[in-house]
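Colleague: I am new to this structure and would like to go through the terms used for it one by one. Could you show me the model and then set each value against its definition?

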Amino acid sequence: MSRIVTDPQRAARALADGHLVGLPTETVYGLGALASDAHAIARVFAAKGRPADHPLIVHVRDADAARAWAHDWPAPADALARACWPGPLTIVVPRARRALDAVTAGQDTVAVRVPSHPVFLAVLDALIELTDDPTVGIAAPSANRFGQVSPTTAEHVVEELDAFMHDGDLVLDGGASRVGVESTIVDCTAKTPALLRPGAIDASDIERVIGVAPTGTSAVRAPGTLDSHYAPHARVLLADAGTITSLPDEDATTGLVALADVPTPVGVVRLAAPRSADEYARMLYAALRQGDALGLSRIVAVPPSDGGIGIAVRDRLTRAAHGSQPT
Ligand code: TXA
Ligand code: MG
């Protein structure tokens, strides 16, 4: 029997009972567990093969609930929460005591986010009813094995994690993720907030909200932001639109991800032809998975020009390509 279900109530009951549930968000799918359940959290780390020192994001219903997980709620966090939630933004703040060490990886900060996906919010509403706690949290990393490509559909979650799930664990289908890359992370523990991970909400959006440009560096560790990450099995190479026609003709089967106006060289499999940077972000991870499903040995990606979500796409592609041989 498939693990995939469509009823948010059922997903909430599974979470309340200590099970893991793959959950749709507007960015990517997460592997959710009740944030207060240490046993379920330990299973999240085991299922992902994730090192214990990589903290998890706590997803909550609204900004008031987020504050209940924070020891302190600095003014920039408040402004960002008001302007960007529900949405693809994660805010790092000093942790309240209720945030488990396993969730924060023992750090004195906690990452909180209110996602905008209606199905995720329906799960939170049902969980609030079941637990009688409006501040209840769902800890959820992206629902991929450690270092692999994040899932943007329920089927991807099953492909990644079914072998590591137990009886009673579920995957809730909420359709394909609208944004396609993980949330922007902003550390609000320093005087000037820092951008820890680029996403759909970019530095200029943040500057507009808080009145200063976020810095690029922070004392806070975001261990998930490793150089090598988001990587398919195929080798990922970054290219310019001008150089893809002269790719060295090795004994390689090659896939291409590039904006629609970039032509496909002869012998190359087109994996995605998005018409905008937004569409590029939405299609990227499915395209990388498709390259692996086809058994391609390499995937050439022409990133969209920088700016807006293009920065996040370039960031993910650079990490996916890390360790690949230059050609
Ligand atoms: O879009 C997203 O953010 C998705 C969806 C499911 O919400 N989640 C996600 O989770 O991407 P994950 O675990 O794959 O990435 C979370 C990142 C990691 O780089 C982690 O180190 C960082 O957030 N993080 C979590 N808690 C933190 C903290 N207290 N301080 C600094 N970084 C933190
Ligand atoms: Mg991840």
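Modeller: Let us begin with a pair of helices: helix α1 (residues 8–16) and α6 pack with their axes 8 Å apart, at an angle of about 55 degrees. Before going on, note that this is a predicted model, in which local features need pLDDT of at least 70 and side-chain atom pairs count only at pLDDT 80 or more, while totals for chains, interfaces and linings use all residues. Residues are numbered from 1 along each chain as its sequence is written, chains are lettered from A and ligands numbered from 1 in the order in which they are written, and side-chain values use heavy atoms, with hydrogens and water left out.

Colleague: Why is α1 called oblique to α6?

Modeller: Angles under 35 degrees count as roughly parallel, over 145 as roughly antiparallel, 65 to 115 as roughly perpendicular and the rest as oblique. The angle here is about 55 degrees, and α1 is therefore oblique to α6. The angles run from 0 to 180 degrees between N-to-C directions, and the axes are lines fitted to C-alpha atoms, for helices over the stretch in contact. Helices (H or I, at least four residues) and strands (E, at least two) are DSSP runs, numbered from the N terminus.

Colleague: Which residues of α1 and α6 meet, and how do they divide by class?

Modeller: On the α1 side they are P8, Q9, A11, A12, R13, L15 and A16, which meet V119, A122, V123, A126, L127 and L130 in α6, where contact means heavy atoms within 4.5 Å. By class, this contact has eleven nonpolar, one polar and one charged residues; Ala, Val, Leu, Ile, Met, Phe, Trp, Tyr, Cys and Pro count as nonpolar, Asp, Glu, Lys and Arg as charged, and the others, Gly among them, as polar.

Colleague: What makes α4 and α8 roughly perpendicular to each other?

Modeller: Their axes are 9 Å apart and the helices pack at an angle of about 115 degrees, and α4 and α8 are therefore described as roughly perpendicular. In this contact P76, A79, L80 and A83 of α4 meet I206, V209 and I210 of α8, and the residues divide into seven nonpolar, no polar and no charged.

Colleague: And why are α9 and α10 called roughly parallel?

Modeller: The axes of helix α9 (residues 277–293) and helix α10 (residues 309–321) cross at roughly 30 degrees and come within 8 Å, so α9 and α10 count as roughly parallel to each other. The residues of α9 that take part are A277, D278, Y280, A281, L284 and Y285, and they meet I309, G310, V313, R316 and L317 in α10.

Colleague: How do you know whether A105 and D132 are buried or exposed?

Modeller: Buried means under 20% relative accessible area, exposed over 50%, and partly exposed in between, with a 1.4 Å probe and protein chains only. A105 has 18% relative accessibility and therefore counts as buried, whereas D132, with a relative accessible area of 68%, is exposed. A105 is found in the loop between α5 (101–104) and β6 (109–113), and D132 in the loop between α6 and β7 (138–139).

Colleague: What is meant by a nonpolar core, and how many residues has the largest one?

Modeller: A nonpolar core is a set of buried Ala, Val, Leu, Ile, Met, Phe, Trp, Tyr and Cys residues joined through side-chain atoms within 4.5 Å. The largest has 64 residues, and those with the most contacts inside it are I91 and V112. Its largest share, eight residues, comes from helix α6 (residues 118–131). A second, separate core of 22 residues includes V179, L271, A287 and L317.
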